Amino acid sequence: MIYATKGSESSYYAGLNLVILVVGFVLHWTFMESLVAVGVIVFMYVSACALHGEISIVNLLNNLYFLSLTGVIVVTGSYYHSKTRFREFAFRFQLDNSSKALEASLAQLKENEAQLVHSEKLASLGRMSAGMIHEINNPLNFTTTALFTLRKKGKLLPPEQQKDYAEILNDVEEGVGRVKTIVSDLRVFTRPDTDNCTEVPVTEVVAASLRFLNNEQKDEIQFEQDVAPNVTVWANKNKLIHVLANLLQNSLDALKTKTFKNEKPVIRIAGRMENGLTFLSVRDNGPGIAAAHLSKIYDPFFTTKDVGAGMGLGLSICYRLVQEAQGKISVKTEPGKFCEFILEFPSREKKPSAG
């Protein structure tokens, strides 16, 4: 239109100011995009005036002044607008990262709080156990001595009475032995001990733990092992055997409560070393653990077994023994499908040499 009318004297040049304003404040182009657009518009205006033929230098310079002034305003506005948008984006990005970091910190805080509460429970049990052990051991010693005397006296009974007499003594001794076992388990809470640790081959721990298992229904269970010969743990060997035997016995007990149709009951023991850590896991395809019980499984005296089938101390003792070895114990489970306990132990810390 400028070319077709009066060239540099055409009043249509005012429309170019509107175009520049649209570029800057409506389209929200970036600084470089706005600068290029303003340059192209000015070039096209000068070209249209030149192609028209007659040029009024005064009008051309006057119109270019206002076009350039509008362009400077638009380009400067785009620059600060882009800068503001960048700051806003950076702020939102930082805010999102801060929110994620805060969520992670809160989750870690909750986990630490749960561990603190559990540690306090174990400490309370330790203080209580110390008194219980002292009070129980005295009558146990008297009972054991009395049973020894009664067994010797039983030889003086008539032969027809000795069989019944021996069976009664055996039942009593079995009951006393169970009480001693419970007291021995409670002793773990009273004297945490990390002494006598050695580099223990996991294969030896697994073999010993399997020997200690209750043989009842053991032949009906398929045991799978995936432990490399070089996998070791820096721990007390006897205590580690105690932990693994407890976990395996729990798996055996759990498998008894599930009816298998299209699969066979399986317990899988795996061990590996990775990034300076040793992992040892026990997994079974039993009924799993209900979600409502997961937060309580390490609590002393918590059990889902029938009355008389367990004291609820097994996993609590495992937790404490793993803690003594500076390790961690965790569980993965899906009710009705599987349950897996994972033990994680750090590698042995090297002590600085003297001198």
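Predicted model: local features only at pLDDT ≥ 70, side-chain atom pairs only at ≥ 80, totals over all residues.
## Salt bridges

The structure holds nine salt bridges. Side chains of opposite charge can pair when their charged atoms come close.

Arg151 forms a salt bridge with Glu173. The closest N and O atoms of this pair are 2.9 Å apart. Arg151 sits in helix H3, and Glu173 sits in helix H4. The two residues are 22 residues apart, and the pair links distant parts of the chain. Arg151 is partly exposed, at 33% relative accessibility. Glu173 is also partly exposed, with a relative accessible area of 32%.

## Two more pairs

Asp226 pairs with Arg268 in another salt bridge, with 3.0 Å between the closest N and O atoms. Asp226 belongs to strand S2 (residues 222-227) and Arg268 to strand S4, so the bridge ties together parts that are 42 residues apart in sequence. Asp226 counts as partly exposed at 42% relative accessibility. Arg268 counts as partly exposed at 34%.

Lys337 forms a salt bridge with Glu334. Here the closest N and O atoms are 3.3 Å apart. Lys337 is exposed, with a relative accessible area of 51%. Glu334 is partly exposed, at 35% relative accessibility.

## A negative patch

Four acidic residues gather on the surface: Asp164, Glu167, Asp171 and Glu174. Together they make a patch of negative charge.

Take Asp171 as one member of the patch. Asp171 is found in helix H4, which spans residues 159-190. Its relative accessible area is 53%, so Asp171 counts as exposed.

Gly154 lies in the loop between helix H3 (57-153) and H4. Is this glycine buried or exposed? Gly154 counts as buried, because its relative accessibility is 6% and the cut-off for buried is under 20%.

Gly154 and Tyr165 are eleven residues apart along the chain. Their C-alpha atoms are separated by 7.1 Å.

## Phe260 and its contacts

Phe260 lies in the loop between helix H6 (237-256) and strand S4 (266-274). Which residues does Phe260 contact, leaving aside its neighbours within four places in sequence? They are Leu255, Pro265 and Asn285.

Asn285 is 25 residues from Phe260 in sequence. In space, the two are 9.6 Å apart, C-alpha to C-alpha.

## Two residues with positive phi

Most residues other than glycine have a negative phi. Two residues here have a positive value, Asn275 and Gln326.

Asn275 has a phi near 55 degrees. Asn275 is placed in the loop between S4 and strand S5 (277-284). With a relative accessible area of 72%, Asn275 is exposed.

Gln326 has a phi near 60 degrees. Gln326 lies in the loop between helix H7 (314-324) and strand S6 (328-334). Gln326 is exposed, with a relative accessible area of 59%.

Note on methods: Residues numbered from 1 in each chain as written. Heavy atoms only, no water. Patch = residues over 30% accessible without salt bridge, like charges linked within 9 Å, V, L, I, M, F, W, Y side chains within 5 Å. Areas by Shrake-Rupley, 256 points an atom, 1.4 Å probe, with all protein chains shown as cover. Salt bridge = Lys/Arg side-chain N within 4 Å of Asp/Glu carboxyl O. Lys, Arg positive; Asp, Glu negative; His and termini not counted. Charge placed at Lys NZ, Arg CZ, Asp CG, Glu CD. Helix = DSSP H or I, 4+ residues; strand = E, 2+ residues; numbered from the N terminus. Buried < 20%, exposed > 50% of the residue type's maximum accessible area, 1.4 Å probe, protein only. Contact = heavy atoms within 4.5 Å.
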